Amino acid sequence: MWQRALNYPHLWILLAAWFTTLVQLPLLIRLAHRIGAVDRPRGYKGHAIPTPFLGGVAIFIAFTVAILTTLRLPDLRPFHSLMDFVVRGELHRLFGIVIGAFFILLLGLLDDFRPINAFVKLLVLLFIALFLHRIGLSVTLFPPAWDGVNVAISVLWMAGVTSAMNSLDHMDGNCAGAAAVSAFFCFAYAWDRLNPQPWLSYASVAVLGGCLGFLQFNFKPAQIFLGNSGAFLLGFLLAALTLLGGWGSREEPLKAVLVPMLLVGVPLYDITLATLLRYKNRVVGNLYEAIVYCGRDHLSHRLVALGLSERAAVIFQYVLGCLFGMIALSAKWMPMQAFLYGVGLLGAFLVGLAMVLDRAKLPPAGKT
């Protein structure tokens, strides 16, 4: 069994990402304190001391190193330029994700030091989505004649998942752990003898390894945060993984829509729950305010208000992510009707959970 596992690059990608993250984090923590890259307690934020926020740098480097050092690079001589290689090379989609992740990381770092307008962020996502579309990494729900619609949906998907992951980064270990669970189930879906998706499996274990290494310094009490750069990065990487994968046939397009949503179900559920309950409970005046509102009223905050410890609340979300992931995996072998039945049961459970969470006694808006 072990000899067979060693013949696959996945184990080495996982170990490379994990080890690279562990090596970097102590150095990044020192650097962050030296240059003032720390998140200071204020307002709705619950940490007690200034904490470094350069975690996204570690995960990006780990992901890139794991991909570049573990996989065998193709001969570059047939390509006329680096862009030619990125667009049509054998590993072009993975390299495209690395390039897109680099610009997302820069965007997040700039936003950490000086907040950036939401329109500028969306514009950057649009350019990245166009680049990914050119290398064949985008939604394909519509035929080529409707490529503009595919690109628009890709941008909305990337923006939605990125925002959801950023919103989930409000408790130690929450965002990175949820991303690790999603990446694991992406890998499990892709690692299939009958219908393998090697590039998806490689990218998934690279994300998983980086997150596992980071969690050793981020699980409560956190020594370092992801920052906007890390949360944006993980959101982008998960969005890219779901665009990279093949989730359903043309005969069953509903699976191609539902499976990616299930794989990132926890961040999507968290941001949807928070938005709807803010609007329902009149914490905000309109839907836009509900989306941009920052407060301690997310899924994990409500679980803590109901009596769980912070660690237990975070672990609950890991378990919830596994539930989403297992239902997503069931799409591979279940008939469509049975899969939809499972999705319906999950939906009913989530509605009931939302009703329970709505009873949580939260602190007044603006207080911690």
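How many nonpolar, polar and charged residues does the lining of the second largest pocket have? The model is predicted, so local features need pLDDT of at least 70 and side-chain atom pairs count only at pLDDT 80 or more, while totals for chains, interfaces and linings use all residues. Residues are numbered from 1 along each chain as its sequence is written, and side-chain values use heavy atoms, with hydrogens and water left out.

The lining of the second largest pocket comprises 18 nonpolar, eleven polar and three charged residues. Here Ala, Val, Leu, Ile, Met, Phe, Trp, Tyr, Cys and Pro count as nonpolar, Asp, Glu, Lys and Arg as charged, and the others, Gly among them, as polar. On a 1 Å grid over the protein atoms alone, a pocket is an open set of points with protein on both sides within 12 Å along at least five of seven lines, a cavity is a set where a 1.4 Å probe fits but cannot get out, and lining residues have an atom within 4 Å of a point. The volume of this second largest pocket is about 830 Å³, a volume being the space filled by probe spheres set on the points, which are joined across faces, edges and corners. Of its 32 lining residues, Ser-138, Val-139, Thr-140, Leu-141 and Ala-256 lie nearest the centre. Two or more lining residues come from each of helix 7 (147-168), helix 9 (198-218), helix 10 (227-244) and helix 11 (253-263). Helix 11 provides the largest share, five residues. Helices are DSSP runs (H or I, at least four residues) numbered from the N terminus.

One cavity of 30 Å³ or more is present. The largest cavity holds about 70 Å³ of space, and of the 14 residues lining it, Ala-178, Val-181, Ser-182, Val-266 and Gly-321 are the closest to its centre. Helix 15 contributes the most to this lining, with five residues. By class, the lining of the largest cavity has nine nonpolar, five polar and no charged residues.

The largest nonpolar core contains 112 residues, of which Phe-63, Met-158, Leu-234, Phe-236 and Tyr-269 touch the most other members. Such a core is a set of buried Ala, Val, Leu, Ile, Met, Phe, Trp, Tyr and Cys residues joined through side-chain atoms within 4.5 Å. Residues up to four places away in sequence aside, Tyr-269 touches Leu-299, Leu-320, Phe-324, Leu-350, Leu-353, Ala-354 and Leu-357, contact meaning heavy atoms within 4.5 Å.

There are zero disulfides, a disulfide being a pair of cysteine sulfur atoms within 2.5 Å. The sulfur of Cys-211 lies 7.9 Å from the closest cysteine sulfur, in Cys-175, which is too far for a bond. Cys-211 counts as buried because its relative accessibility is 0%, buried meaning under 20% relative accessible area (1.4 Å probe, protein chains only).

Note on methods: Buried < 20%, exposed > 50% of the residue type's maximum accessible area, 1.4 Å probe, protein only.
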